[in-house]
Every structure is written in C-alpha cells, then in structure tokens.
Amino acid sequence: MNKLGRWGLKRSPWVYHIAAASCNNCDIEILELFTPRYDVERFGIVLVGSPRHADVLLVTGVLNRKNLPRVLEVYEQTPKPCAVVGIGTCVCNNHIFRNSYNVVGPYDKYLPMHAYVPGCPPKPEAMIAGILKALGKL
Amino acid sequence: MIGWSGWGLAFRFIVFPGFLFTVVIGLVLTWVDRFVSARVQWRKGPKFYQPFADLVKLFTKQTMVPKGSSKTVFLIAPVIGLTAMCIISVLLFYVNFNPHGSFVGDLIVLVYLFSLPPLGTIIGASASRNPLSAVGASREMTLYFGYELPFLLALVVPVIKSGGAIRLGSLVMAQQAGGPFLYSVSGVIAALIVLASIQAKLGYVPFDIADADQEIMTGVYAEYSGASLIMFRLTKAMMLFLLPLFLITVFWGGFANWWAIPKFLLILLLIILIKNTNPRFQIDQALRFFWFGLGGLGVLAVILAFLNL
C-alpha cells in the first residue's frame, strides 16, 4: 500500500464490532469508546453498522462451533485491507472456557489476528492503543 | 449557457463550479457538521482533515460486489446522483451570477435533478440483493413520495410572488427589485417547509429512516464499499452545499453578494441543530408529517401568497 493510503487508513479506521458469544462485558466497554468521555472520533474512529464499510473488526468472546462459520463469513464480507483486533482475555487464550466441550480453539487458527487486547474487560485506552497498533501492522 | 466552447463547458462541469469545487466545499461542510455535532454532544470532535482522510482511505479499499447482485446496475447507481449534483452546481452558480442568461423552466429542471440522488440509492440498493438494503430502498421510496409533495407546494409560493415566473433568473431578479420572498408570512412558511424537505433529502436525523444505522445497518448503503461508497458520500456532501444554496436562491435573494455567506452558515447551523436535537421518525409518522402536516401548511402558504401576504 502506498504512503497516502496508509495515512488515510491510520487517520480513519472504521470499526465493526463482532460479538462472538461473549459475556457482553467487553461489548459494553467497546461502546464506552464512543461516549464523550473517550470520544474516539478525535482519531477518526467511527462505529459502522455494516462490515462492508469496516477497516477494523473488533472480535469479543470465545470461538465455538456455532459462531465459527458466522465470524468467518463476516471476515470474508469485509473489504481488504482490514485488521482484526481481539478484545478481551477470551480471545487471547479462551479464558475460563478453555475446557468447554464446544470451544473450537483460539482465533489465530482461523483468522489473521493483528493485535490482542487482554483484560476482562480491557480498558478503553488499551483498546485505542490496540486498534492503532493493528493498523500499523497492515 | 449559449456561447460556451467545449473546453469552457468541460472546465465548468469538472472544476469550477462543478465537481471539484463543490466536492471540496461539501467535504469541509461535512466536517463542520461532524464538529458542531460533537460540540453539541460535549465531545472534542474530529480534525479538519477528517473527511479527506475518509476519502483517501476508501479509495485504497477493495470495492466488493455481492454475489448474485446485478453488477452493472450496482456499480452505475452511485454515479447518477453525483452527475445530477454537478449539473445542479453549474446551473445554480450560472443563474445567480447571470440572472438574464438561463432558460425558461430551469426551476422545474432543478427539482427533477434534486430527485435523482434518491433514485440512484433506490436502484443501487435494490440491485444489491441484500434484504436490509431492500427495506431501506422501500423506505427511501416512501420518504421520497412524502417530502416531494410539500416541497413542490412550497416552491409554488415564489412562483406566484414573482408573477408566474418559472425561470430561476426571473426569481432572483424579482427579489433584487422587491426584496426577498422570505420577508412575508407565506414566504416564511414555505421556507420552513423547504428546510424540512432539505433535512429529508439529506437523510439527516429526524428522517434518516432509509439508512438508519441502529435499525437496518445503514440500509441502502449496506452493501457498498470502497470507491462506490465514496460516490454516495460525495453526493451527500455536495447536497449539503447545494440544497441551502438553492433555498437562498429561491427565497432569500440569491447568493451573488457577500451577505450570502452568513445566510448560508445560518441555514447550515439550523440543519445541524435539527439533526442533533431530534429522535428518528418511523416511516409512517414521517409520511403523515409530510403529507398532512406540511402538505396542509403548504396549501395555506399558497393561499396566503395569492392574497399577497
């Protein structure tokens, strides 16, 4: 990608939120990014409703047999280049669900992950740092 | 318009006051919109280059065509509105700076051209084979039939007041001679109706029913990505510049003087504040509001205009 495109991508990452069966804790923290307190529109980060508009996919929750095909489909629907950021400890190492019967394993077996943000839930500041780091790796 | 050479015509359509000029001003205005919205919501808001960064980024992204959609129509649909906006900008600037030069009936041509962007979105959304886009397209169609009736009724008022002129140049000249049409009871009512229609044409908040983010995932634009999404965004940006200019031309004495700038900013601020202080209508509520609320007001304005009020 050329320099100008990289500048644009870093200044305007549009975020799509995939809630892959998480406990809703990380999801609420993601929504907090867009409140006046954190106001990520300063950095051009906008929450979009359709994966076709997205540059960054924020995934939360443990990957299991039911939601694996759905997450993969949303990834395929996203125009490339796009970054995938894992939010929460569940994405990093399956957390307390690792011995569960329906868990099919960590995300990086199926998707190219660009950054992980650990925490249960992580702080919004950490999420902003994670999104920007993921865009730096594209 | 007569006497322009080929290159002059191309320059007017592509550079000034056509495509490039309108796009740059329109993008700056979308930044103003986002910045003022952020300040209303007690946020800091984006930097001034934000719309340009969005544009550059969308150019580098892949343009995807959904499986099973009709490809040609899907990719051509965004161009319809963009072309219409280029023609409108050339016409509006020409009419305001040379009121004698335009042709009879350009008011009607402008009304038709302003109805092309919703047509483009409806065609594109229907071609995309997405159920949410289909819902958005049907809503856009209903909304279009809703706001077009009071919009046309309100535009009858300046025509009556100028003594039956349907040339924009004659409207501008009549206002330069006898004062803007806005400074009368019927003029105020008609201008408010046009303001509400502008809000709906832009798809801004009380009427963002067709591309509601939270309900139907940006509805009509759900399947668009990359360069084709840019065209829709540019069309919206150009409309944000051209619709208030149209309002000033028809009701507030034309924009061939410096007073047009504060007038324009006032209208823009009104649009942004209406956007930020209202909840979304349901589609049936919007239709009722436009037909029975504003439609009735429009008839009243026309009667008042006949009585010279």
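A nonpolar core, as the term is used here, is a set of buried Ala, Val, Leu, Ile, Met, Phe, Trp, Tyr and Cys residues joined through C-beta atoms within 7 Å. With that in hand, let us walk through this predicted model, starting from the inside.

**The cores**

The largest nonpolar core has 81 residues. Those with the most contacts inside this core are B:Ala154, B:Ala190, B:Leu242 and B:Leu247. Helix H11 of chain B, spanning residues 226–251, supplies the largest share of the core, with 18 residues. Another core, of 34 residues, lies apart from the largest one, and its members include A:Val56, A:Leu58, A:Val85 and A:Tyr107.

**Strands of chain A**

Strand S1 of chain A covers residues 14–19 and is mostly covered, with five of its six residues buried. S1(A) pairs with two other strands of chain A, S2 (residues 46–47) and S3 (residues 56–60). The table sets out these pairings.

| Pair | Sense | Bridges | One bridge partner pair |
|---|---|---|---|
| S1(A) and S2(A) | parallel | two | A:Trp14 and A:Val46 |
| S1(A) and S3(A) | parallel | five | A:Ile18 and A:Val59 |

How does the chain get from S1(A) to S2(A), and what is the handedness of the crossover? The path leads through helix H2 of chain A, residues 25–33, and this β-α-β crossover is right-handed.

There is also a record to set beside this part of the model. An unreviewed UniProt entry annotates residues 23–133 of chain A as "domain: NADH:ubiquinone oxidoreductase-like 20kDa subunit". Over those residues the chain is 31% helix and 14% strand, and the end C-alpha atoms are 25 Å apart.

**Where the chains meet**

Between the two chains, 20 residues of chain A are in contact with 25 residues of chain B. On the chain A side, the residues that touch chain B divide into six nonpolar, seven polar and seven charged.

**A loop residue in chain B**

Finally, a stop at B:Gln41, which sits in the loop between helix H2 (19–40) and helix H3 (50–60) of chain B. Is B:Gln41 buried or partly exposed? B:Gln41 counts as partly exposed because 13 C-beta neighbours lie inside 10 Å, whereas a buried residue needs 20 or more. B:Gln41 and B:Asn276 are 235 residues apart in sequence, yet their C-alpha atoms are 8.3 Å apart in space.

Key. Residues numbered from 1 in each chain as written. Chains lettered and ligands numbered in written order. Predicted model: local features only at pLDDT ≥ 70, side-chain atom pairs only at ≥ 80, totals over all residues. Helix = DSSP H or I, 4+ residues; strand = E, 2+ residues; numbered from the N terminus. Buried ≥ 20, exposed ≤ 12 C-beta atoms within 10 Å, placed from the backbone. UniProt positions renumbered as here; feature names shortened; annotations may be inferred. Pairing = 2+ DSSP bridges. Right-handed = clockwise from strand over helix to strand, strands pointing away. Contact = placed C-beta atoms within 7 Å. Nonpolar A, V, L, I, M, F, W, Y, C, P; charged D, E, K, R; others polar.
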